[in-house]
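Hello,

Here is the structure I said I would pass on. My notes follow below it.

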Amino acid sequence: EAALQEEEKPKSPWSGSIGLALNGNSSNTVTFNIMLNADVKRETPMETFTSGIMYMFKYDGGDLTDNNGLFPIPQTWNLAPDSPWNLWIQGSYQYDATEGYTSRITGYGGAGYRVVNEKDLKINLKAGLGAQWDYRGNTAVQPQTIFEITTDWTIVEGLNFTSNASI
């Protein structure tokens, strides 16, 4: 009876992850890389909210080549629980000590179409408009377009592959 009660509990819409990657070598030059990230996600039949933070640091041959952090916040609303169409917005803050800008703020919005919507695989194509503003770089607000593909694949329960690529 206890097992039956456990099965009846609804699955939490919240999930999260943390990650750490380290590597380095010492030959003619010394290289050291570190990446830290954490994400939280809330997914329901009508919407998906994600927030995360990522930090990357790279030291290569005596030079600091990467020292940046990214804080993205995307939100997607499905037009209906079983509809492939969705609306989305996303914002982000980026810090980068190795680029011509110190801080970058972006915001976008648009429409998407989920080309695959299976329990274990979701692929969403998105297009939209937005803007970018750099602090200590090109300080003018720059209008932009975005095309993006997002993939969320549940390989087995508890092991997911998530990616996005945009231009």
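Val156 has Leu159 as its bridge partner in S9. Strands here, like helices, are DSSP runs (E, at least two residues, for strands; H or I, at least four, for helices), numbered from the N terminus. Two strands count as paired if DSSP finds at least two bridges between them. S8 and S9 meet that with eight bridges in the antiparallel sense. Their hairpin has two residues between the strands, and Gly158 takes a positive phi near 95 degrees there.

Before the rest, the conventions. This is a predicted model, in which local features need pLDDT of at least 70 and side-chain atom pairs count only at pLDDT 80 or more, while totals for chains, interfaces and linings use all residues. Residues are numbered from 1 along each chain as its sequence is written, and side-chain values use heavy atoms, with hydrogens and water left out.

The sheet is open and has nine strands in the order S1-S2-S3-S4-S5-S6-S7-S8-S9, with antiparallel pairing. Its edge strands, S1 (14-26) and S9 (159-166), each pair on one side only.

Some of the pairings:

- S3 (residues 47-60) and S4 (residues 63-78) share 10 bridges; Met54 is partnered by Leu70 in S4.
- S4 and S5 share 11 bridges, and six residues join them in a hairpin. Phe71 has Tyr93 as its bridge partner in S5.
- S5 and S6 (residues 103-117) are joined by 11 bridges, with Ile89 opposite Gly109 in S6. Six residues lie between these two strands in their hairpin.
- S7 (residues 121-135) and S8 (residues 142-156) share 12 bridges, and Gly130 stands opposite Gln144 in S8. In their hairpin, with six residues between the strands, Arg136 takes a positive phi near 65 degrees.

In a regular strand the side chains alternate between the two faces of the sheet. Along S5, Asn86, Trp88, Gln90, Ser92, Gln94 and Asp96 point to one face and are buried (under 20% relative accessible area; exposed is over 50%, partly exposed in between; 1.4 Å probe, protein chains only).

Which strand holds Ile73? Ile73 lies in S4, and it counts as partly exposed because its relative accessibility is 33%.

Regards
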